[in-house]
Amino acid sequence: MTTSGSLYKRIGQFLEDHRLSPDPAHYAFVHAILSEPDGTLARAVALLVDGGVRLHQDDIARLGGPTMASPPAPEPASEPQAVREPAERIALPQAEARSDELAEQTEDQVAAFMTVIRTVQADTSAFGADLARNVAEMKRGGGIDLPTLATLTGEMLERISATERRLEQATAEADTLREKLAEARATARRDPLTGLANRLAFSEALGQCFQASESCHLALCDVDRFKRINDDLGHATGDRVLHSIGKILAEECQGHLVCRHGGEEFTILMTGLAADQAAALVERARDAVRNRRMRVRETGEPVGEITFSAGITALCPEDTQETLFARADALLYRAKKEGRDRAYSDS
């Protein structure tokens, strides 16, 4: 396949993955991303979609697109990397500090950018006043004074050159600001403990599903007897177990959106699957979690078998987010009540 053919295919796949209509404006936006993978726009988009998060129309507009209605290291088979990693690498306070740092840096960039713009505006205004004054003097003199004209031309060239330099600086500031804002937005939509999308990102993706024509299934998953892990082995181990479960779910459900919805609860948003396929995907993920053997990093003590229960339901035309979640939650409650370590579907 030719290079252009390959790019065309990748653009089409990107549009499909992010549920974007195949119109010329979206095509041009995605072409700019994929044709310059090291460019500012591509880096900003990469931050937003890391971990399977879909681009939202608001994101595209913020990045200058059309307005319309570093991966983790491989995990050893013997013991999950999440259980062996230092707790501070996934601690919530550090993530909050990073978010505060990004917000502060963004404010600084905005201030610097506005300073450049005000300087350019002041220079332009001053030059306009000088030009008007010199033209008026030449008119009063009844002719063109060549020395005055030469001086005016020289001033014009100096101001144009200075303005070009400042505009270059402003462009660089704008590019940096766009990257910072994209990073801050990506951080705001990412769960700091597991690295998965959080409830905000999930809500945005689910909202897009309501506008799409393809099938959509929601799985609401809850780790069984998680309190035992925290009580017996400590909250640090509990956090690492959640981190590891999140990685397993993301690996098993590639192509679909996995989120940490809160506490020991995860959600999986599956699109383009029939009911039996969605149920089978959740069952494979449950098997993968159950079969993973984890140990406490500090002592080597086995964590024990980890399981989760799930409720799976299909999005119906008359649904709201509330009714969809209520149905999945009722199925999850039934799975918990009837013995845990199982998944129930309404299909």
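This is a predicted model: local features need pLDDT of at least 70, side-chain atom pairs count only at pLDDT 80 or more; totals for chains, interfaces and linings use all residues.

Me: How do you know that the buried residues of α9 line one face of the helix?

Reply: The buried residues of α9 are Phe 226, Ile 229, Asn 230 and Leu 233. Viewed down the helix axis, they fall within an arc of 105 degrees, so they line one face. Their cover includes β1 (216-223) and α10. Lys 227 and Asp 232 are exposed, on the face of α9 turned away from its buried side. Just after the helix, Gly 234 takes a positive phi of about 100 degrees.

Me: What makes α8 and α12 roughly perpendicular?

Reply: The axes of α8 and α12 (residues 321-337) come within 11 Å and cross at roughly 105 degrees. Roughly perpendicular covers 65 to 115 degrees, and the two helices are therefore placed in that class. Phe 202, Ser 203, Leu 206, Gly 207 and Phe 210 of α8 meet Gln 321, Leu 324 and Phe 325 of α12. By class, this contact has five nonpolar, three polar and no charged residues.

Me: Why is Asp 222 called buried?

Reply: Asp 222 has a relative accessible area of 14%, and buried means under 20%; Asp 222 is therefore buried. Asp 222 lies in strand β1. Leaving aside residues up to four places away in sequence, Asp 222 touches Glu 264, Glu 265, Phe 308, Ser 309, Leu 332 and Lys 336.

Me: What makes Arg 260 and Asp 191 a salt bridge?

Reply: Their side chains meet at 3.3 Å, N to O, and the criterion is a nitrogen within 4 Å of a carboxyl oxygen. Arg 260 is in strand β2 (residues 257-262) and Asp 191 in the loop between α7 (146-188) and α8 (199-211), 69 residues apart. Both partners are buried.

Me: How do you know that Arg 240 and Glu 298 tie together separate parts of the chain?

Reply: The closest N and O atoms of this salt bridge are 3.0 Å apart. Arg 240 lies in α10 and Glu 298 in the loop between α11 (275-291) and β4 (308-314), so the pair ties together parts that are 58 residues apart in sequence.

Me: Why is Arg 240 called buried, but Arg 297 partly exposed?

Reply: Arg 240 has 1% relative accessibility, whereas Arg 297 has 31%. Buried means under 20% and exposed over 50%, with partly exposed in between. Arg 240 therefore counts as buried, and Arg 297 as partly exposed. Arg 297 also forms a salt bridge with Glu 298, with closest N and O atoms 2.7 Å apart.

Me: How many salt bridges are found in the whole structure, and which residues are linked in a network?

Reply: The search finds 14 salt bridges. Glu 283, Arg 286, Asp 287, Arg 290 and Asp 341 are linked in a network of such bridges.

Methods. Residues are numbered from 1 along each chain as its sequence is written. Side-chain values use heavy atoms; hydrogens and water are left out. Helices (H or I, at least four residues) and strands (E, at least two) are DSSP runs, numbered from the N terminus. Buried means under 20% relative accessible area, exposed over 50%, partly exposed in between (1.4 Å probe, protein chains only). The arc is that of the directions from the helix axis to the C-beta atoms. Contact means heavy atoms within 4.5 Å. Axes are lines fitted to C-alpha atoms, for helices over the stretch in contact, and angles run from 0 to 180 degrees between N-to-C directions. Angles under 35 degrees count as roughly parallel, over 145 as roughly antiparallel, 65 to 115 as roughly perpendicular and the rest as oblique. Ala, Val, Leu, Ile, Met, Phe, Trp, Tyr, Cys and Pro count as nonpolar, Asp, Glu, Lys and Arg as charged, and the others, Gly among them, as polar.
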